[in-house]
Amino acid sequence: MKSIQSNIKKAKKYLDNNHCIAVPTETVYGLAGNAYSDSAVKKIFKLKKRPMNNPLIVHYHNINKLKEDCYINDNFLKLYNKFSPGPITYVLQLKKKSKISKFVSNKQKSLAVRFPKHPLFKKLLKNLKYPLAAPSANISNKLSSVQASDVIEEFGSKLKYILNGGKSQIGLESTIINLIKKPTILRFGGLDYLKIEKILKKKIFIKTNPNKKIAPGQSFLHYSPGIPLRVNIKKPKKNEAFILIKKRKNTLKNYYYLSKKSNLKQSAKNLYSLLRKIKKDGYNMIAVEKIPNEGIGKTINDRLSRASKYKTKWRAC
Ligand code: TXA
Ligand code: MG
């Protein structure tokens, strides 16, 4: 308990001085900085090697502070009351008088906002006078981090501090919904969009692959482990690592199970760590067996299908 307090204090000190630190969330780790500070936000882009035209998500402790920065509407309130804190990000209209650094959203009039559920991150946000801009804690286009050791792998000593909150419970990024006009899903994520439809009592638009890219998380290179990956495979090639969800009678050396009991939530939690491990084990090709396309399985399939486009000429912006 005492060490939790002192770690939060340390984290706060770095953030108050406009440094970036890594923070744990229930989805993936974030690379956080003061969203009101131009210099802190610029440091995030630099550390992550992220193009400045790719906007960041801002994390709030609760709705009161958000109201100073964004216009809210009925759809937002319905979803906020049901799902926040949790793995959902809302795109809202930014107020002119908002204190959010103009670098956060590339001078756009919208802002992506989220209310994280991880108890350590919540506690930290409660102690701050400003919200935190935080993209996933990885170098641009690499795999997101789901634990402190992944963050170290990504940034090494370039990062001042990691608030260690154990392994992320969900393991995949938040679901992003644009609520400025007609509710539109921009990224599949930790919250099943069917649950969102149930609360809004209507069909929502899905634009996770628009012609004009709005969210670079919609692009293909984004979730790639950096080696070719094939999906819906029954039998792998000789030198391929084989990712499985269903238990096989004979387990071979190149078999990697996403979950011991074919559980989709467990599989989501393990996916990025397993991809990192396979690379470390020296494989340079991955085959994945068919993953059921239900619940969080839809998000797993979304990430895998983007990763499977690795060989195409697509470039993320
Ligand atoms: O689970 C998550 O959402 C994690 C944790 C740390 O909160 N964050 C995360 O951030 O995944 P990031 O930056 O890696 O992905 C956010 C995505 C990007 O694809 C970005 O383009 C999109 O959100 N985005 C940010 N602001 C936007 C906006 N105003 N309109 C549309 N898309 C936006
Ligand atoms: Mg990311």
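## Two domains

Domain bounds, to start with, come from an automatic or database domain assignment. For this protein, that assignment gives domain 1 (2–206) and domain 2 (229–316). Taken over C-alpha atoms, the centres of the two domains are 27 Å apart.

A quick note before we go on: this is a predicted model, where local features need pLDDT of at least 70 and side-chain atom pairs count only at pLDDT 80 or more, while totals for chains, interfaces and linings use all residues. Residues are numbered from 1 along each chain as its sequence is written, chains are lettered from A and ligands numbered from 1 in the order in which they are written, and side-chain values use heavy atoms, with hydrogens and water left out.

Domain 1 brings 24 residues to it and domain 2 brings 17 residues.

The size of an interface is often given as the accessible area lost when the parts come together. Here the buried area (the accessible area, with a 1.4 Å probe, that two parts lose on being put together, summed over both) is about 1,700 Å², and carbon and sulfur atoms give 52% of it. On the domain 1 side, Leu 143, Leu 172 and Phe 188 lose the most area to domain 2, together 34% of what that side buries.

There is polar pairing here too. Six salt bridges cross between domain 1 and domain 2, each being a side-chain nitrogen of Lys or Arg within 4 Å of a carboxyl oxygen of Asp or Glu. The interface also has twelve residue pairs in polar contact, both at pLDDT 80 or more. A polar contact is a pair of N or O atoms within 3.5 Å; within protein, one must be able to donate a hydrogen and the other to accept it, and residues adjacent in sequence count only if both atoms are side-chain atoms. Helices α6 (148–155) and α7 (193–200) each supply at least two residues of the domain 1 side, and the largest share, three residues, comes from α6. Helices (H or I, at least four residues) and strands (E, at least two) are DSSP runs, numbered from the N terminus.

## Salt bridges to look up

The structure holds 16 salt bridges. How open are the two partners? Buried means under 20% relative accessible area, exposed over 50%, and partly exposed in between (1.4 Å probe, protein chains only). Glu 153 is partly exposed at 42% relative accessibility, whereas Lys 280 is exposed, with 58%.

Next up is Asp 192 with Lys 298, where the closest N and O atoms are 3.3 Å apart. Asp 192 is in the loop between β9 (184–187) and α7, and Lys 298 is in helix α9 (residues 297–307), 106 residues away in the chain. Both of these residues are buried. Arg 303 and Asp 302 pair up as well, at 2.7 Å between the closest N and O atoms, and both are buried. Finally, salt bridges with shared partners join Asp 150, Glu 153, Glu 154, Arg 276 and Lys 280 into one network.

## The greasy insides

A nonpolar core is a set of buried Ala, Val, Leu, Ile, Met, Phe, Trp, Tyr and Cys residues joined through side-chain atoms within 4.5 Å. The largest one has 60 residues, and Tyr 90, Leu 124 and Ile 196 have the most contacts inside it. Apart from it lies another core, of 28 residues, including Leu 264, Leu 274, Ile 286 and Ile 291.

Ser 174 is a buried residue worth a look, because its relative accessibility is 2%. Ser 174 lies in the loop between α6 and β8 (175–178), and its side chain makes a polar contact with the side chain of Thr 89 (2.7 Å).

Most residues other than glycine have a negative phi, and most peptide bonds are trans. Now for some exceptions. The peptide bond from Ser 84 to Pro 85 is cis, with omega near 0 degrees, and Pro 85 lies in the loop between α4 (74–83) and β5 (88–94).

Lys 49 is not a glycine, yet its phi is positive, about 55 degrees; find it in the loop between α2 (38–48) and β3 (57–59). Asn 141 also has a positive phi, near 75 degrees, and is placed in the loop between β7 (132–133) and α6.

Note on methods: Contact means heavy atoms within 4.5 Å.
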